[in-house]
Amino acid sequence: MTWFWAAGGYAPMSERAGLLVHHAAIGDFLIALRLTECFAGVRWTVLSRSTLGRLAWSLGAAEAFEDFDAGDWYRLFGPDPRPNSSVVDFVAHFEIVLNVVAGPGETFSRNLDRLCRGCVHHVDPRLPEGFGGHCWQHLAGQIADCHTAALPASAFGLRPACIALAADSRDTVVIHPGASSAAKRWPLANFVRLADRLRQEGMTPSFLLGEVEQEQFSSAEIESLRRSDTVMTGLDLPNAAAVLHRCRAYVGNDSGISHLAAAVGAPTITVFTATNPRNWRPLGRAVHVIDTRASETTEATLNRIVSIAAAVDRRG
């Protein structure tokens, strides 16, 4: 089993070594990553998808990461896991384990308890039906050591090597029109109209498309974006984080990239079309929510977004 250290090589663990276990989408992961702030003096390792582990390191939230998909971790979901020695040795290093994969008493959690020598916090990631608060409050409420009800708002400290991945773009408004489902996507035509309005106000719109968006939208739609605006594709998550950190503002749907924009301190405007922003709004210091479920015309929504973006006092 391999540990990945961005500095190249192994580093000694601190007196309090923590392991965050998570295996879900970007937005859920970034909310769960905030749970590490409940513990002082802990050096964190992330056990997740490698792309998310590398992102956690880039954000300065973890010193190392382990790829959940590369080892025997899936065996812990079974009744008789029998993990190999590398899994057993790996888990034995940690005094604190935050399991945000399964709640107490579930098979994965019971198997993890058998392996861990330290204190294990099992956090059920599933939001109860009708829960009126933010998802983070649901997660944090399951941790005895977390004594704050206030939502985290500070930006993660993106590492200098990651910031350098993107050019300064103080006039650029990054637009990410994708989301995990069609119901959560504001129509692409509305984002195109938004880009036109931003240009009229002297700002520079730039579309950010990941692999999912390149599948969701037709080649003709993407080509139409390229004819009038910059379209950024092929960025991994640390590169996307750097671009978002340096931009004037960000506009997107309820998506993982919107959570990333807020996490790195970008003024973030999130358009909600289906989900409840009380549960899922991105966590950050400059987050603006546009809930299109309210009776507001598209024109009024466009006016609000442009007004917010124009009023941004770009961080130095």
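**View 1. The largest pocket of this predicted model, with a volume of about 880 Å³**. In this predicted structure, the largest pocket has a lining of 35 residues, and those that lie nearest its centre are Ile26, Val212, Leu237, Gly256 and Ile257. Several helices contribute to the lining of the largest pocket, with at least two residues coming from each of helix 1 (26–33), helix 2 (50–58), helix 8 (211–216), helix 10 (237–246) and helix 11 (256–263). Sorted by class, the lining of the largest pocket consists of 15 nonpolar, 12 polar and eight charged residues.

**View 2. The second largest pocket, with a volume of about 160 Å³**. The residues that line the second largest pocket are His22, His23, Ala24, Asp28, Ala32, Phe77, Val100, Val101, Pro125, Cys135, Leu139 and Trp280. Helix 1 and helix 5 (135–140) each provide at least two residues of the lining of the second largest pocket. In terms of class, nine residues of the lining of the second largest pocket are nonpolar, two are polar and one is charged.

**View 3. The largest cavity, with a volume of about 40 Å³**. Rolling a probe the size of a water molecule over the atoms shows where empty space is left. When the whole structure is searched, one cavity of 30 Å³ or more is found. The lining of the largest cavity is made up of Leu30, Ile31, Arg34, Phe156, His259, Ala263 and Leu283, and helix 1 and helix 11 each supply at least two residues of this lining. By class, the residues that line the largest cavity comprise five nonpolar, one polar and one charged.

**View 4. Arg34 and the ring of Phe156**. Among the residues that line the largest cavity are Arg34 and Phe156, and here Arg34 is placed over the face of Phe156, at 4.3 Å from the ring centre.

**View 5. Aromatic pairs, with Phe68 and Trp73 as one of them**. The structure as a whole contains 10 aromatic pairs. In the pair formed by Phe68 and Trp73, the distance is 6.5 Å centre to centre and the angle between the planes is 35 degrees, an arrangement that counts as tilted. Both Phe68 and Trp73 are buried. The two residues also belong to a cluster linked by ring pairs, which joins Phe68, Trp73, Tyr74, Phe77, Phe90, Phe94 and Phe108; of this cluster, Phe77 is also one of the residues that line the second largest pocket.

**View 6. The edge-to-face pair of Trp186 and Phe191**. The ring centres of Trp186 and Phe191 are 5.1 Å apart and the ring planes stand at 90 degrees; because planes over 60 degrees apart count as edge-to-face, the pair is given that name. Trp186 is buried, and Phe191 is buried as well.

**View 7. Arg281, in the loop between helix 12 (277–280) and strand 11 (287–291)**. Arg281 has a relative accessibility of 24%, and it therefore counts as partly exposed, since that class lies between the limits of 20% and 50%. Leaving aside residues up to four places away in sequence, Arg281 touches His134, Leu151, His259, Phe272, Val287 and Val289. Of these contacts, His259 is also among the residues that line the largest cavity. The C-alpha atom of Arg281 is separated by 31 Å from that of Leu112, a residue 169 residues apart from Arg281 along the chain.

Note on methods:
Residues are numbered from 1 along each chain as its sequence is written. This is a predicted model: local features need pLDDT of at least 70, side-chain atom pairs count only at pLDDT 80 or more; totals for chains, interfaces and linings use all residues. Side-chain values use heavy atoms; hydrogens and water are left out. On a 1 Å grid over the protein atoms alone, a cavity is a set of points where a 1.4 Å probe fits but cannot get out, and a pocket is an open set with protein on both sides within 12 Å along at least five of seven lines; lining residues have an atom within 4 Å of a point. Grid points are joined across faces, edges and corners, and a volume is the space filled by probe spheres set on the points. Helices (H or I, at least four residues) and strands (E, at least two) are DSSP runs, numbered from the N terminus. Ala, Val, Leu, Ile, Met, Phe, Trp, Tyr, Cys and Pro count as nonpolar, Asp, Glu, Lys and Arg as charged, and the others, Gly among them, as polar. Buried means under 20% relative accessible area, exposed over 50%, partly exposed in between (1.4 Å probe, protein chains only). Contact means heavy atoms within 4.5 Å. Rings of Phe, Tyr and Trp (its six-membered ring) pair if their centres lie within 6.5 Å; planes under 30 degrees apart count as stacked, over 60 as edge-to-face and the rest as tilted. A charge sits over a ring if NZ of Lys or CZ of Arg is within 6 Å of the ring centre and within 35 degrees of the ring normal.
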